[in-house]
Amino acid sequence: MNPKLTRRRFIKGVIASGAAATTTTMWYAANGQNRPAGYVERLIRINVNGQVRNVDVAPQETLASTLRYKLGLTGTKLGCNRGECGACTVLVDDIATYSCSVLTHSMKNGRIETVEGLESANGDLHPVQQAFVESLSPQCGYCTPGQVMAAVALLRINPNPTREEAQLGMSGNICRCGSYDSYLDGVMRAAEIG
Amino acid sequence: MAYMHIGKDFVPPDVTGKVTGRIKYAEDYTREGMVYARLLTSPIPHARVIDIDASAALAMEGVFGILTADDVYPDGEPQSTGLKILTNEPTLVGEPILAVAAIDEKTAETAIAAISVTFERLPFVIDPLDSLAEGGPNAYNGGNTFAFREGFIEEKWTTDQVASFRAGNEPTAAAPTELAYGDLDAAFGESAYVYENTFTTAGYPHMSMEPRSAMAYWEDGKLYLHATSQSLTAFADGIAGIIGVAKEDLVFINAATGGGFGQRARAGSVPSAAIPAKLSQKINRPVMMRVTREEEFTIGGARQGFQGWIKLGFRQNGTMAAADLWIVSDNGGKGGGGDAFSATNAISIVYQADAVRLRGVSIGSNTAHRGAQRGPGENQIAAIVSPILDKAADELGIDRLEIRKINTPQNGDEGGVPQRTPFTSAYMPEALEQTAQLFDWAGRQPRRRQRNGSKVTGFGIGQGYHNAGRSGMDGIVMMGPDGRLKIHNGVGNLGTYSYASTSRAAAEALKMPWDSCDIITGRTDLHLPITSPQDGSNSIFTNTRTCWGAAQDMLTKMKEIAASDLGGAPAEYDISNERVHQIANQSVGYTYAQVARRAMELGGKYTGEAELPEDLAEWTQISVSRLAGSGFMGVYHDPAHSGNPPGFTVTACEIELDTETGKFEIIDVVTVAECGTVMHPQGLKNQMVGGVVWGIGLSALERHLYDPQNGLPASTGYWQSKVPTYLDTPARIVSGWVDLPDPENPVGARGIGEPSMGAVSAALNAAISDALGGHIFNATPVTTDMIINHIAGISEDWVPLAQNNFRG
């Protein structure tokens, strides 16, 4: 996981965002105004899969919520919404990141990649996706987008991992079906074909 | 036998959707005008709702409505075990009391915070033995157990009887349930080695990755329901009744399910899916109910825990003479589960004991509701029995592999309690031998219990079993004028790919290239046949029979049409290369596209409009009636099969246990399936490696915990009742299979999902015991602290036989 995004920083981010929103609300109050209809707390721009997206984001909104419920990128899954399972893993500046545990507001300068952004323009699967198909890595598939993103992150850092290195690199992602062996087959195959 | 499809890998059609994120789970759908439901759940483990004041909430802007138990049960809640949709009589913390629908979840949560619920607190209990003791609290209103035709009743022991059991003695109370065969006294009398002790197995949650979110809306009198389920038509059939909608008016959409493991096979285990359906009906808007991880823990069910006593007797030659069990099963807050029966059955079957008895009672606790979880009963007991079997082998001077061979079930044997049912086939000896070869059991033995610094090597071998097949379901195949085969399959998509691999039996029967086939599945308005729920490892056996049968019906009709049109008798025709043709002169025949067109011209029985099989299920009849006339149809009702189709597994493992830390590492694991003909090697391998991970969880990691003071769950997340991760699992798992056909299945196949886990937990607990010089913990999980305390000679500080909180 992204070492910059600790639980402490996440909580501090929530507090900071809340404070900003409160400040804005207080400005309206101080000027004797109610919040105007259609009031936008934060309209920000984030870079998702190479596209700059304008999105209305609440102060406490996580990146997973924004991706799924604002941008319709439902490939990113929420398994626990508390930083335990890894189903929501996306890449932020190439680093595997639990999108349930970072605030969208902290992503303004980040380059976000989700599972929807991996296929090439002509529809070819990314080598990790292709290898996961060949290895029949998924079972129920709910954790698979997170596993795919974790594998992509790993292979960008270490294009030819040993199986044990791959095991360590993928260890932030739980698979309740227990398909770890098949995911590792997929990672090793992706290293071959990538 | 040379097959086109059976035993060959293929790419199931949903895999690409899984790796791209395009496949949709229930929560991924939206609908114009959709609003959001949130739940108010019980903060108290056992209570009665006296009053609900939602006036302030309902007056809030953006709040559309509320749903309570009074709405869903206008005639009163059913007075039986099992989860309710909503309840006024919660028996566990987190049980849903009401739901509120609002413009967004934040508003719904705010509204819920404004609702005042007055509860009457009732006594609660965490440990079933505390309830069993005279004067102890009852988990349910009216008793602590549920008796068929009697309802809730009280089952009580004297305080001394409970204390004696906790002290390690055979229970002396009369057992409400007793099942047996054989002469126990005589069998124990013949025994050269007898082991007797109490044991516990922990309850723990299923923790499927996808929380059971659901979305529903009504349109033109039909209910469209997106929900999570292991099964498709079997679930739809059941949830229609729970919601109270006619089967023909329900469209159940379930393209993929994020795990089930037994808890989502039947609608009764997921009644929460009815909440958005009922709310949507009430407020006339689409309703999405997102379920959190914590809520998933609470209403997602758990494995039954055992508080048991076991006595096993072995003759000098190593045969298991007798098995005697007394099991108090934890029924949790809502009842459910027959694990004790399954456990005893498994002992009868796997070890072929001559005399077996189960005495037992199921007692409620105000903890997670219980139900089937991967190998319910069989897998817990496999982990308990295996170290005892090793102890017997060592005492009798028999190799531990050999004692399993001595007791192995095989072709011609039977098993079960009290009725002993013959196996359809059984190749456990072959599985044992294959495992021994792959693992090099004999070659490793000189290193048994060898120390290397603080580490000691242990070996374990274990066996798993689950009944693996049913019958009596229906099949439908269709063919249009393009000659493509459409296989209508009601099997759920929970990650086993059995919806696809069973479909290949139809392609096989018609010698159809796979790329000329379409699997019709994922939503019930595509007109699917009824299937058995996808539990009990049955799908492969059950639904290859129906798919094969429907295709055979189409084949028979093809030959009839060709013979009628082109001359000769149907028996003089065969099929090849997507043609039905005369055997003597292959140039005389129809392509599949041509014969499908002729069938559609002829109509009647060829298009499902006449001469349908008797005994088609109501669900299938609805589907057939909607398909009738639209294409060439093969339709089939599967008769009952004979015997018990078993799924067997064998696992061997080597561990290195660190005597300074109590931790162990699995160095090697070999796991072998005996499940008849292999349908889909990659899919089978996935079940086997998944079984390894689940086996590790049962043996060493997973147990839920409840606060005995307040009844609060202390383990709602993945790291508390710890699910095995990559780092708890060996980097390499060797899997294999016997691959010999079963005569009761047209392609020889049986299931394997559940026993793939039992053999692993049996092998791992045996290996831990081996590394510790034969010490038997008589418990699952065997945790690091238990190991280190044993090594350090520190007496265990938990209450003996404690359940749901090991400190009592």
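Where domain 1 of chain B meets domain 2 of chain B, 21 residues of domain 1 are in contact with 15 residues of domain 2. Keep in mind as you look at this that the model is predicted. To find the two parts in the structure, follow the numbering of chain B: domain 1 is made of 377-469 + 643-792, and domain 2 covers 470-637. The C-alpha centres of these two domains of chain B lie 40 Å apart.

How much area do domain 1 and domain 2 of chain B bury between them? The value is about 1300 Å², and 64% of it is on carbon and sulfur atoms.

Next, consider the pairings between the two domains. The count of salt bridges between domain 1 and domain 2 of chain B is zero, while five residue pairs are in polar contact there. Two elements of chain B, strand 20 (455-467) and helix 20 (681-701), each supply at least two residues of the side of domain 1 that touches domain 2. By class, the residues on that side of domain 1 of chain B are eight nonpolar, nine polar and four charged.

Now turn to the place where chain B meets chain A. Here, 58 residues of chain B are in contact with 51 residues of chain A. The two chains bury about 4400 Å² between them, with carbon and sulfur atoms giving 55% of that area. Within chain B, the residues that lose the most area to chain A are B:Val19, B:Met209 and B:Tyr726, together 22% of what that side buries.

How many salt bridges are counted between chain B and chain A? There are nine. In one of these, the side chains of A:Arg176 and B:Glu702 meet at 2.8 Å, N to O. Across the interface of chain B and chain A there are also 36 residue pairs in polar contact.

Which elements of chain B give two or more residues to the side that touches chain A? They are helix 1 (15-20), helix 10 (293-299) and helix 20 of chain B. Helix 20 of chain B gives the largest share of that side, nine residues. Sorted by class, the side of chain B that touches chain A has 26 nonpolar, 20 polar and twelve charged residues.

Technical notes: Residues are numbered from 1 along each chain as its sequence is written. Chains are lettered from A and ligands numbered from 1 in the order in which they are written. This is a predicted model: local features need pLDDT of at least 70, side-chain atom pairs count only at pLDDT 80 or more; totals for chains, interfaces and linings use all residues. Side-chain values use heavy atoms; hydrogens and water are left out. Domain bounds come from an automatic or database domain assignment. Contact means heavy atoms within 4.5 Å. Buried area is the accessible area (1.4 Å probe) that two parts lose on being put together, summed over both. A salt bridge is a side-chain nitrogen of Lys or Arg within 4 Å of a carboxyl oxygen of Asp or Glu. A polar contact is a pair of N or O atoms within 3.5 Å; within protein, one must be able to donate a hydrogen and the other to accept it, and residues adjacent in sequence count only if both atoms are side-chain atoms. Helices (H or I, at least four residues) and strands (E, at least two) are DSSP runs, numbered from the N terminus. Ala, Val, Leu, Ile, Met, Phe, Trp, Tyr, Cys and Pro count as nonpolar, Asp, Glu, Lys and Arg as charged, and the others, Gly among them, as polar.
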